[in-house]
Amino acid sequence: INSSEQAIELEEQHGAHNYHPLPAVLSKGEGVHVWDVEGKKYYDFLSAYSAVNQGHCHPKILEALNKQAATLTLTSRAFHNDVLGPFEKYATEYFGFDKLLPMNTGAEAVETAIKLARKWAYETKGVKETEAEIIVCENNFHGRTTTIISFSNDEGARRNFGPYTPGFQKIPYDDVDALEQALKENDNIAGFLVEPIQGEAGVYVPSEGYLKRAKALCEKHNVLFIADEVQTGIARTGQLLAVDHEDVKPDVLILGKAISGGVYPVSAVLANNNVMNVIKPGQHGSTFGGNPLACAVAHAALEVIKDEKLAENAERLGGLFRRLLDDYIRNSNIVELVRGKGLLNAILINDTGDSSTAWDICMALKENGLLAKPTHGNIIRFAPPLVMNEEQLKDCVDIITKTLKQFEK
Ligand code: PMP
């Protein structure tokens, strides 16, 4: 491949058209930067939807990958392997849970958590089989499997893909009263599945205290608090987990994306014995889940987060980013606000009647050397790798404000 046009043309001819990417064809990455096939260098301001928190091609993670790739890559769980146990010990101590169930993608881990919560409700709460319900939130994003789209608000992801899986009840996000009401009205609730910050919805940060109060209500009603930290987890928001901002300990924790630094698909569900032990041999699994390559990569990727103090860096640079952008926004007639936590942020473009503005801004950012993408409508998410330094961040803010100026009316 020697041109972007050629690569895009091949995808269009031979690939399913299930995405609408920005027309940048990337062929190399290092740290906070990526390069396209023409050799143009960009700041990556998306990090593959918060998967590449440790930066592109992190040498320590690559070393673990290469070493393991040359030794043993896949056994399936028909046998044990010598990397899974050490990884599970490390990760459970790291996050403070008894047990871990390894999977591959975020959506798979969400499915795993749903199965786990249902079985837990049948075996410990006496809920009549097939009657368990899971409370979810409006405007959630948890993936795109048949069950997960059953409780999505995204018409594009949902429409004409039915019939839908029953057993989900949707309540407004950031609304403890709605949660309390739902818990009071129904004895069949197994769990409350929630994103600590709604990422795909547009980096929607709930009010302070929401997660803590929601967790307390779940405890009171003997319902599992299930945190989907696939996007918010692993240092992204300035703490190891986004629930840590409120000192909340979920009953079930869902991780994906950055658990492997974007080097290999790895996801995981963590819980304590009282919950995880309801799963018995043969009841759940995946050929690749817990494979040696995945475990070696994830082990190294988690070490990098701690060794390089990436949560602290995200907290510090995130604050600086929002302060600098706020200074700009005060006099802007195109951007309404910036919101987020740590280095998971978004700006809201005020809709001047043209819904393509956010897309056009991202195209102009690309021209100016920075890659970002609208989550949808008029919201642009900004989520660079957490290995960014202050000088690079200021450089990025310059690019962003310079670009936004082109759109001021
Ligand atoms: N949960 C959340 C909160 C997510 O943001 C995502 C991906 N954007 C997923 C689940 C699904 O992860 P995957 O794409 O790896 O299936």
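Helices (H or I, at least four residues) and strands (E, at least two) are DSSP runs, numbered from the N terminus. With that in hand, you can find 14 helices and 15 strands in the protein chain. What you are viewing is a predicted model, where local features need pLDDT of at least 70, side-chain atom pairs count only at pLDDT 80 or more, and totals for chains, interfaces and linings use all residues. Residues are numbered from 1 along each chain as its sequence is written.

Let us begin with the overall form. The C-alpha trace of the protein chain spans about 60 × 55 × 45 Å along its principal axes. For 409 residues, a compact globule would have a radius of gyration near 22 Å, and the 21 Å of the protein chain agrees with this. Here the radius is taken over C-alpha atoms, and the globule rule is 2.2 Å times the number of residues to the power 0.38.

Now for the domains, whose bounds come from an automatic or database domain assignment. Domain 1 covers 4-54 + 309-405, while domain 2 covers 59-307. Their centres, taken over C-alpha atoms, are separated by 26 Å. Where they meet, 24 residues of domain 1 are in contact with 25 residues of domain 2; contact means that the C-beta atoms of two residues, placed from the backbone, lie within 7 Å. On the side of domain 1 that touches domain 2, α12 gives the largest share, 5 residues. By class, this side of domain 1 has 12 nonpolar, 8 polar and 4 charged residues. Ala, Val, Leu, Ile, Met, Phe, Trp, Tyr, Cys and Pro count as nonpolar, Asp, Glu, Lys and Arg as charged, and the others, Gly among them, as polar.

Next, look at the ligand. Of the 15 residues around the ligand, G106, A107, G143, V230 and Q231 come nearest (a residue is near if its C-beta atom, placed from the backbone, lies within 6 Å). Helix α5 (residues 106-124) supplies the largest share of this shell, 3 residues. The shell divides into 5 nonpolar, 7 polar and 3 charged residues.

Finally, is strand β4 (residues 99-103) largely enclosed or open? It is largely enclosed by the rest of the structure, because 4 of its 5 residues are buried, meaning that 20 or more other C-beta atoms, placed from the backbone, lie within 10 Å of their own. Strand β4 runs antiparallel to strand β10 (residues 267-271), joined by 5 bridges, and L100 has L270 as its bridge partner in β10. Two strands pair if DSSP finds at least two bridges between them.

Notes:
A residue is buried if 20 or more other C-beta atoms lie within 10 Å of its own, exposed if 12 or fewer, and partly exposed in between; C-beta atoms are placed from the backbone.
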